[in-house]
Amino acid sequence: MPRGILNIKLKPSKSYTIRDAYIEISNINTDIEAYIDKECMSREAVDYQGNFPAVKWIVVEEIIWNKMVAEYNKENKTNTYGNEDIFSKIQPYILFSFSGNTVHFNLDMISNELTAGNIYLLMPYTYYPERKFASQNLQLVYIKAPHIRYAYIKPPSANEADFPPGYNSKLHLYGMSAKVNISNHLLPDFRKQAIDSTKTCNIRGEVFFMNEDNEEVVLDSFMETIDATSYNSYKEFDLFINPEWRDLGTHQKPNQSQKYYIKLQAYITNRDFSVAQNPELNNPVDYETRLKDMLVSGTYNTYTDFQQWRMFNAQTGQWEDLPMQPFIEVRFDTMEMIYRRIEIEKTNMIQYIGDIKYLHKENDPCGYSKITIQDDDEERDKFILFNEDATDKIIDKTDNVFAIIAGDKTRNITIVLYNLKTKGVFCQGLLLEDGQKHDDKKNVFQVDKVFAAKRGKNGYYTEKDNTHQEQLKNAGLYSDSRKNENDYDVIKTDQSYNPSQAQKWTEGIDYEFESDHRLKLMLHYFYNKTYESALQKILGYTVDAIHSTAYMNMQSTAWVARYIFMKEAHKQSYFVPISTCRYPNQIAKIEVYPDFEWWINVKYETDSPLAVAQATNYQKRLFTTERNQNQRVEGARRSEHSKNWKLRDKKYELGIDAGYKLNGEEHSLSLGDGFPLFQAISFFLKTYELVRALSFADEAEDTEQSIGIGTERASDGREPERRMTQRWRQRKAKNLPFRVELSMPSFSGGIYGKFTQSKKMPNNIGSFYNLAFAAKPLFAVKGELDLLYYAQFIGPIGQAMHRISQVVKKVNYLTLGAVRIDYFIYIGFTVDVNVELKALEYHSIDGWDGGEIQVDLPITIYIRSGIDINVSIQGVGSGKAEGKIEGEMKLESRITYDKRENKGPALLKFNGLSAKIWVKLKASTNNSDEESSEPDEEPDYIRSIIDPKDPWEINIFNKDN
């Protein structure tokens, strides 16, 4: 147990409220009387006569005491609650001090400005104050009316905003989110919220700017809520900087940033409030007071009310300004414009510096023999950028680039100079500042300063090097060959450039020298993570923006949509000028592409979907071909009858699997109904619906469906086995002597995209797509022609059919309906169109590669006929006989295009001609029912008329043709 004071005694008073361990004070003149007696002391501190050491008092802010103690314990690896060292450090922050066993104190004695909700410690001590137990100190809280203490915007950091290095990170960009911080006092009141959790504080905010007349122009609004666990509450939230604000009268001056302010209203509604008058009292209702009780609120305007706040830094022992702004200051240009400007600046600098092309080996002693570039991929070969001893006679390949794929994680690129000799040899400092030599590594790898060589329309200007022979002799390279007899050097201009400045490089962060001949670049890809309205159109979210949860979720990740189309414009370029007297101004160029992959897989009515190379996770999605379906849905949501609203067009249930991989991590991809792939599917299904309409398939199907599935009896009570004849009669009544059926398509497929290395040019990177599609069938058509209908138009046949029809009618008439005869004859066909594309690949550099396209057409041609005789004698019984004959010929054709083998094999196959016969008899009396057991589906007799033939195969073309 510690030596000294254990607790404090407090004289009771109605001027303040004690809540838990806190003394709540609303009037700064409220007097507090506290005292220490021997009962407050530890036993070790009181002698046998009841005496104890003299007591002293200090007042200090709780936040300062806690931070100083925590910092001391951290530095000294202790766990103390107070000591002489801490007491010494706290001295500059003591707000008031007293001596004596009893103290009279009020908050007005503190010279500093009081802060509502802050806790002030009244700490007695004998040797030094400590805070192990809450009873050792008094905790005083200054209470004011509920209000918003402050609100501010946190300046964006370069890392959070993913700004290009070197740009002012104090400015926001459209499409970003600004960090808004607010702090309230007793909004909400945590003491009441602990009893009633519904007393949450709502915050309604508005975004505005000041026009030229100094008037507030409101642009947008937002809502937030805030909870509290103490007297002061805090919250930080994201406020989306909508690019549409630019179109509402802002940025009056070209290219000038715009400041946006916010005003807030925080309020709490007491739901249990009642304005009912007490009937026992004769006092009128004080509505004004009641309304104040009902609505507790506070307001804040960052344009008029903003104040700078500070926080205590225990490490420095100083109060420091919080990083806060009263406004969101936004650049006029977008992140896209900034990146484009950087790339243009780098491209222009390369052009200004100039990459001198060398066609043969030079002999200046100050030089190198070879340049290589390699990344941290061990499986990738070094790229030889320059080699004066190249066997292919092309020594200079600096017009090529070395490309890599990188994300947020840094990739290391190493540039190595072989046989570099710049020290201890003659160096004339070619294309260097006067007095400089190439013995400095920054004059070889010219990351800070490089001079351009003078050039004209026909190339670089040169002048004879009169020291050439002397250089060769001193270096032991003298040769009597005329090839080395003379040397001409380029001429320096007065124009110099700073590559590090143009590329926003910092030594030790973006590059470092591993030795005089090795330079390591540490590069990563700067993603443009801002949101623009065009991105929602790419993802297909063109409407329903207010109500769609998917749309709101999409906004936070919509920036990835700009990388779905793998454009070369996404590359980010870097360069390093390399110079010696032998080969001045050679430029190593590096391109960085985003580490981004995406895929979409779709399936419909298939259990074995074809997909691109990803682990599929299909999600069900209702799809309709109706135009502007989302506007209609949005309108329906606003309608009182929305619960009963349904789409009128056909609906389809698709299986969708969409996602992307960023920096090696997989994420789901939210796509709207207007995404191009879905539009293509909609067009495909709409075409199917149109073909069905033109073929009268739907029209006949509507009236035949119940008969076709055997659930409806014929009009005269006959059983549904007569559906063949009934369908024929239906069609005759509708003047449809033919029937075309179009089956639903069944399809699946996907597309996968990423940036990857070229096979033909391994040092280059391009966009790569993998396509897969299968439709089995794409569509299936079945057609039938009623030959009996058309026979009436064929001379003698028509007359014969007419006579037969008359006989049938007379039999029916003469037997009073006891004997009925029906007959039919059809010719028909079926065609299935099956299409499959496997592993079809495209690379922007290599072109089309791999894949197989196959079209399969199974065809069946058939004739079917039959007769149906029914005999029914009232009171005796009935009988019927049914016969059917069907002849069927099957053909199959298949065409395949094999891209890898560059072949087109085709197949034609005849599967034979056969005849099938069905016979069915049935007889019954009034008391019995005997029926033959032959099934309806399987024919009674099958006869092969023509046997199947061997398939005929041929290559339409091949690589040898």
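Colleague: Is glutamate 591 buried or exposed?
Modeller: Glutamate 591 is buried, because its relative accessible area is 10%, under the 20% cut-off. Keep in mind that this is a predicted model.

Colleague: Okay. Which residue does glutamate 591 form a salt bridge with?
Modeller: Lysine 571 is the partner, and the closest N and O atoms are 3.2 Å apart. Glutamate 591 sits in strand E33 (residues 586-594), while lysine 571 is in the loop between helix H11 (549-557) and strand E32 (572-578), so the pair ties together parts that are 20 residues apart in sequence.

Colleague: How many salt bridges does the count come to?
Modeller: The count comes to 34 salt bridges. One of them is between lysine 361 and aspartate 389, with the closest N and O atoms 3.3 Å apart. Lysine 361 lies in the loop between helix H6 (335-353) and strand E20 (370-375), and aspartate 389 is in the loop between strand E21 (383-387) and strand E22 (402-406), so this pair ties together parts that are 28 residues apart in sequence.

Colleague: What does glutamate 507 pair with?
Modeller: Glutamate 507 forms a salt bridge with lysine 442, the closest N and O atoms being 3.0 Å apart. Those two link distant parts of the chain, 65 residues apart: glutamate 507 is in the loop between helix H9 (499-503) and strand E30 (511-515), and lysine 442 is in helix H7 (residues 441-444). Glutamate 507 is partly exposed at 43%, and lysine 442 is partly exposed at 23%.

Colleague: Switching to arginine 191, where is its place?
Modeller: Arginine 191 is in helix H4 (residues 190-193). Arginine 191 counts as buried, because its relative accessibility is 19%.

Colleague: New topic: which residues of H6 are buried?
Modeller: The buried residues of H6 are Met335, Ile338, Tyr339, Ile342, Glu343, Lys346, Met349, Ile350 and Ile353. Looking down the axis of H6, they fall within an arc of 135°, so they line one face of the helix.

Colleague: How far does H6 reach from its first C-alpha to its last?
Modeller: H6 has 19 residues and reaches 27 Å, close to the 27 Å expected at 1.5 Å a residue. Just after H6, glycine 354 takes a positive phi of about 85°.

Colleague: What about H1, which residues are buried there?
Modeller: Glu62, Ile64, Trp65, Met68, Val69, Glu71, Tyr72 and Asn73 are buried in H1. Their cover includes strand E5 (56-61), helix H2 (84-90) and strand E8 (119-125).

Colleague: How far apart are the end C-alpha atoms of H1?
Modeller: They are 21 Å apart, which agrees with the 21 Å that its 15 residues should span at 1.5 Å a residue. H1 is followed by lysine 77, whose phi is positive, near 50°.

Terms used. Residues are numbered from 1 along each chain as its sequence is written. This is a predicted model: local features need pLDDT of at least 70, side-chain atom pairs count only at pLDDT 80 or more; totals for chains, interfaces and linings use all residues. Side-chain values use heavy atoms; hydrogens and water are left out. Helices (H or I, at least four residues) and strands (E, at least two) are DSSP runs, numbered from the N terminus. Buried means under 20% relative accessible area, exposed over 50%, partly exposed in between (1.4 Å probe, protein chains only). A salt bridge is a side-chain nitrogen of Lys or Arg within 4 Å of a carboxyl oxygen of Asp or Glu. The expected span of a helix is 1.5 Å times one less than its number of residues. The arc is that of the directions from the helix axis to the C-beta atoms. Contact means heavy atoms within 4.5 Å.
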